[in-house]
Amino acid sequence: YEMLITPEPALLEVFQYQFVEIEGQVARFPEEREMLERTILTDVSINGIFYPHMNILLWHDLGTGVSVKDTVLVEGVVTLPEDFETEQGRVFEYTEYLANSDVYLEMFRPHNMEVVPFEGLSLMKSLEKLKGGFLGRMEKVLPEPHSSLAGGILLGEKQSLGDLLQEQFRIVGLTHIVVLSGYNIAVVVVVILFLLSALPLLWSSLASIIGITLFALLVGGGATVVRASLMAGLLIVARLFHRPYDALRGLFIAGFVMALINPRIIVFDLSFQLSFLATLGIILFTPVAERWFFFVPKRLALREVVVTTFSAQLFVLPWIAYTIGDFSVVSFLANLLVLPAIPIAMLASFISGLLPLSFVSLPAFWLLGYVLYIAEVLSAVPYASVVVPQVNIIFVIMMYLLLVWVSVRYGKPRRAVGPAGSLVHM
């Protein structure tokens, strides 16, 4: 367990509140927050001494022009990350959260900062330019906050939404649509498979895997994206060899591969945990929920939206009660109203980025406005989000055992499914 937290704590404590000189390379796409930019430096040297496997999180002013693969030289005071208590009374293990990315030190607003642009060939650099150009074209035809929401549902760029909108999305349980959940990835994968379906099976399979991999890199490769992408890859391989695709097996293989690469995600990566549980809920509990919601019409896939949304939320609820403490009373309704519009909104937003013309962007503007309106209205409902009491881990385990028992006893798990159903939802 200790190996999963912080290596060499005595070494780290030496740097606490010390003024140091740091040189490192930007490890991934910088993230813009409300007032600062968040950049992770790897291959770090501190005061001229190289420290392998120890990244540093740098918080600096906006507009510095930092991009992936650049070399950054900074001077400033470094600190050790510290866990903190949330407004819901839960302790957020911030130290372990950063350790997932091998980050063990932070620096806020460096005194001096120099950026040396990367001059060589780099796939990540090319993808960053591609993403920046696309978002820039979309911003020309879509006003705020529509353009930021479009960037969120397409590329996971939620930072520009601002604190108010992000809080509204949290209250109504829609945060997952702007951090690239499995649902968004499923839409992208189905589109890729459809566009390449005219090619011979071998070539379409290879091209699909390459396309999915490039998209995962483009959007930053978060835990949820990687999980959905691995499941998509397994689906494509099964199709190539004319074998049925078992979604449950695919989920556990994807989880095993990710845990093998980085064991910390099992314990400390909340997005991975919630994504895994939501997917598990849809695979196991959907057949049971279909019996409960038999009265919902199947037209326009309405019943499928209801049962998958209910199953996903039911399976994440005990873990949310244990870890976060927030329960959105209106989340089920919000997801029912919004999720059917997301695939069309993604397509319309993508077209707006390709063809930045005012009349072309109107469908995206209307659909994104609809999503924003639902979030605004439902977040204003009294007690839309409530804090649930801290529950014991034993109770959580018992709840999951009960849910699995009900799934096995009253419904056959949806194991062999097609492309749209296999990549699931959250």
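This note sets out numbered points on helix packing, salt bridges, selected residues and backbone geometry in a predicted model.

1. Basis. Because the model is predicted, local features need pLDDT of at least 70 and side-chain atom pairs count only at pLDDT 80 or more, whereas totals for chains, interfaces and linings use all residues. Residues are numbered from 1 along each chain as its sequence is written, and side-chain values use heavy atoms, with hydrogens and water left out.

2. Helices H3 and H14. The axes of H3 (residues 123–141) and H14 (residues 342–354) come within 7 Å and cross at roughly 100°. Helices (H or I, at least four residues) and strands (E, at least two) are DSSP runs, numbered from the N terminus. Axes are lines fitted to C-alpha atoms, for helices over the stretch in contact, and angles run from 0 to 180 degrees between N-to-C directions. H3 and H14 are therefore roughly perpendicular to each other. On this scale, angles under 35 degrees count as roughly parallel, over 145 as roughly antiparallel, 65 to 115 as roughly perpendicular and the rest as oblique.

3. Residues between H3 and H14. On the H3 side, Phe134, Arg137, Met138 and Val141 take part, and they meet Ser349, Phe350, Ser352, Gly353 and Leu354 of H14. Contact means heavy atoms within 4.5 Å. By class, this contact of H3 with H14 has five nonpolar, three polar and one charged residues. Ala, Val, Leu, Ile, Met, Phe, Trp, Tyr, Cys and Pro count as nonpolar, Asp, Glu, Lys and Arg as charged, and the others, Gly among them, as polar.

4. Geometry and burial of H14. H14 has 13 residues and reaches 18 Å from its first C-alpha to its last, close to the 18 Å expected at 1.5 Å a residue. The expected span is 1.5 Å times one less than the number of residues. The buried residues of H14 are Ile342, Ala345, Met346, Ala348, Ser349, Ser352 and Gly353. Buried means under 20% relative accessible area, exposed over 50%, and partly exposed in between (1.4 Å probe, protein chains only).

5. Helices H4 and H15. The axes of H4 (residues 146–155) and H15 (residues 362–379) come within 10 Å and cross at roughly 90°. These two helices, H4 and H15, are therefore roughly perpendicular to each other. His146, Leu149, Ala150 and Ile153 of H4 make the contact with Phe365, Leu368, Gly369, Val371 and Leu372 of H15. By class, the contact of H4 with H15 has seven nonpolar, two polar and no charged residues.

6. Salt-bridge network. The structure holds six salt bridges, each being a side-chain nitrogen of Lys or Arg within 4 Å of a carboxyl oxygen of Asp or Glu. Glu167, Arg170 and Asp326 are linked in a network of them. Arginine 170 and glutamate 167 meet at 2.5 Å, N to O; being three residues apart in helix H5 (residues 162–171), they are separated by about one helical turn. Arginine 170 is partly exposed at 30% relative accessible area, and glutamate 167 is partly exposed at 35%. Aspartate 326 and arginine 170 meet at 2.1 Å, N to O. Aspartate 326 lies in strand E11 (residues 326–328) and arginine 170 in H5, so the pair ties together parts that are 156 residues apart in sequence. Aspartate 326 is buried, with a relative accessible area of 14%.

7. Arginine 38 and glutamate 31. The side chains of this pair form a salt bridge at 3.8 Å, N to O. Arginine 38 counts as buried at 10% relative accessibility, while glutamate 31 counts as partly exposed at 23%.

8. Two residues of H11. Leucine 284 lies in helix H11 (residues 270–292) and is buried, with a relative accessible area of 8%. Threonine 279 is also found in H11 and is buried, at 0%. The C-alpha atoms of threonine 279 and glutamine 313, 34 residues apart along the chain, are separated by 9.9 Å.

9. Backbone features to inspect. Most residues other than glycine have a negative phi, and most peptide bonds are trans. A cis peptide bond joins glutamate 144 and proline 145, with omega about 5°; proline 145 lies in the loop between H3 and H4. Histidine 242 has a positive phi of about 55° although it is not a glycine. Histidine 242 is found in the loop between H8 (223–240) and H9 (247–261) and is exposed, at 66% relative accessible area. Tyrosine 383 has a positive phi near 60°, sits in the loop between H15 and strand E12 (385–387), and counts as exposed at 69% relative accessibility.
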